[in-house]
Amino acid sequence: MNNKLLAQRDLAVLWHPCTQMKDHEQLPVIPIRRGTGVWLEDFDGNRYIDAISSWWVNLFGHANPRINAALHEQLDTLEHVLLAGFSHETVICLSERLVALTPLGLSRCFYADNGSSAVEVSLKMSYHYWRNLGHAHKTKFITLTNSYHGETLGALAMGNVPLYKETYAPLLMETISVPSPDCYYRESGESCADYSRRMFSHMEQALEQHAGQACAVIVEPLVQCAGSMRMYDPVYLTLLRAACDKHNVHLIADEIAVGFGRTGTMFACEQAGITPDFMCLSKGLTGGYLPLSVVLTTEVVYQAFYDDYQNLTAFLHSHSYTGNPLACRAALATLDIFEQNNVLERNQALAEAMRATTAHFADHPHVAEVRQRGMILAIEMVKDKRTREPYPWQERRGLRVYRHALEKGVLLRPLGNVVYLMPPYVITEEQIAYIAEVAWEGITLATRDA
Ligand SMILES: *Cc1c(COP(=O)(O)O)cnc(C)c1O
């Protein structure tokens with residue numbers, strides 16, 4: 001087997017996610033034979049550093065020996081059992097560990113099998129909580145512009161990235177949308193913290209106006225990842241927590257992308273010292289091995305559903321694979337690695353290497369900003385550095401970077417005009433330096449004729 005043959009068979013029967021399939025008339029689909037650590041190897045023997053953790057899921061490399069061993073053991077013990085009326089040791093251990101790890105006050109775990117489904121669970125739970133308390137008129141959700149919460153209809157409605165949302169707008173519930181504290185738009189000389197604090201006035205206003213009908217505010221803490229890795233200051237979350245309390249509105253923290261060390265702390269909410277009413281986790285939860293998601297919530301929320309069956313207050317939501325033992329076991333093995341390997345501490349050195357190797361990008365004639373929060377680093381390409389006029393999206397500059405990087409053995413997958421690094425934590429400083437070199441070349445090539 002080689003790349004070409006497999007790509008032909010692929011294109012005859014598959015429909016790929018988030019892809020205009022016609023692009024593959026020009027752009028070959030790359031069949032991967034095996035993965036080891038940060039490396040992916042295709043059927044022609046080419047190797048690629050997975051600099052984006054296979055869409056932000058992989059934490060400790062492909063074919064990680066410890067996660068593999070745990071999965072083998074689980075496979076021979078119990079592959080799956082329904083979680084209604086039944087339970088298993090792996091999901092119990094995982095829930096105990098998650099309750100202990102997440103911000104104080106989150107004490108209950110409800111499982112689903114992907115990020116979007118976790119967002120749906122949090123929305124339904126929040127609405128249902130208020131309904132159980134006699135506030136059925138609370139039906140609205142408050143979201144930030146440029147946010148992303150997944151692709152199922154409820155989750156898509158919460159997001160605000162037009163490229164994904166506009167087509168389906170007639171199918172989606174209406175939300176109350178508040179301008180994002182995205183620090184890319186701060187005034188020159190203004191700190192990100194000051195800008196985030198200033199932008200909070202829009203949220204305060206929305207809460208004052210809509211709290212009576214609002215179930216919850218949903219945010220991606222600190223980094224709007226799908227929204228071009230735009231970042232804001234923790235102070236916004238601190239203010240938001242206080243305002244939600246004041247106005248009797250829940251706070252949903254969608255940490256699906258930023259959880260598990262991506263922003264430098266285990267969870268992004270820690271940097272603001274807050275506990276949300278709901279925390280959604282997925283992606284890194286299983287180290288990038290298997291689909292699993294979880295919504296953590298408080299005892300207060302849990303108790304609002306706890307009653308005699310006849311009162312019909314139960315949360316009658318389920319997914320066939322809720323709490324799948326294999327996925328839970330991968331998650332447990334992932335948490336073991338965090339615990340035993342001082343991962344967050346080691347990541348500080350990696351984050352510093354990411355910063356240092358890309359510091360000079362800020363001087364590139366077509367780079368408007370290099371921004372970073374922990375293990376996420378983003379480089380914003382622009383047509384005009386002075387006015388920050390972006391390249392028209394039709395020019396697909398990011399795609400040029402993607403192609404160049406592949407030729408050089410690096411998987412970078414820019415979001416529009418934003419090139420970013422979000423590598424697995426097993427990457428080395430030398431590999432980071434190489435990725436930075438390839439990204440620089442790619443950006444230079446992609447912006448050359450402008
Ligand atoms: C990826 C993502 C989701 C959706 O998760 P899926 O598993 O792709 O459904 C939701 N919210 C955020 C912040 C994400 O990055």
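**Exercise 1.** Find out how many residues line the second largest pocket, and which lie nearest its centre.

*Solution.* Start with the count: 33 residues form the lining, and Leu-83, Cys-109, Phe-110, Tyr-302 and Phe-315 sit nearest the centre. (A pocket is an open set of points on a 1 Å grid over the protein atoms alone, where a 1.4 Å probe fits, with protein on both sides within 12 Å along at least five of seven lines; lining residues have an atom within 4 Å of a point.) Keep in mind that this is a predicted model, where local features need pLDDT of at least 70, side-chain atom pairs count only at pLDDT 80 or more, and totals for chains, interfaces and linings use all residues. Residues are numbered from 1 along each chain as its sequence is written, and side-chain values use heavy atoms, leaving out hydrogens and water.

Next, look at who contributes: E4 gives the largest share of this lining, 5 residues. Then sort the lining by type: 19 nonpolar, 10 polar and 4 charged. (Ala, Val, Leu, Ile, Met, Phe, Trp, Tyr, Cys and Pro count as nonpolar, Asp, Glu, Lys and Arg as charged, and the others, Gly among them, as polar.)

**Exercise 2.** Work out how helices H12 and H14 pack.

*Solution.* First, locate them: H12 covers residues 343-358 and H14 covers 429-446. (Helices are DSSP runs of H or I, at least four residues, and strands are runs of E, at least two, numbered from the N terminus.) Their angle is about 30°, with axes 9 Å apart. So H12 and H14 are roughly parallel, a label for angles under 35 degrees.

Note on methods. Axes are lines fitted to C-alpha atoms, for helices over the stretch in contact, and angles run from 0 to 180 degrees between N-to-C directions. Angles under 35 degrees count as roughly parallel, over 145 as roughly antiparallel, 65 to 115 as roughly perpendicular and the rest as oblique.
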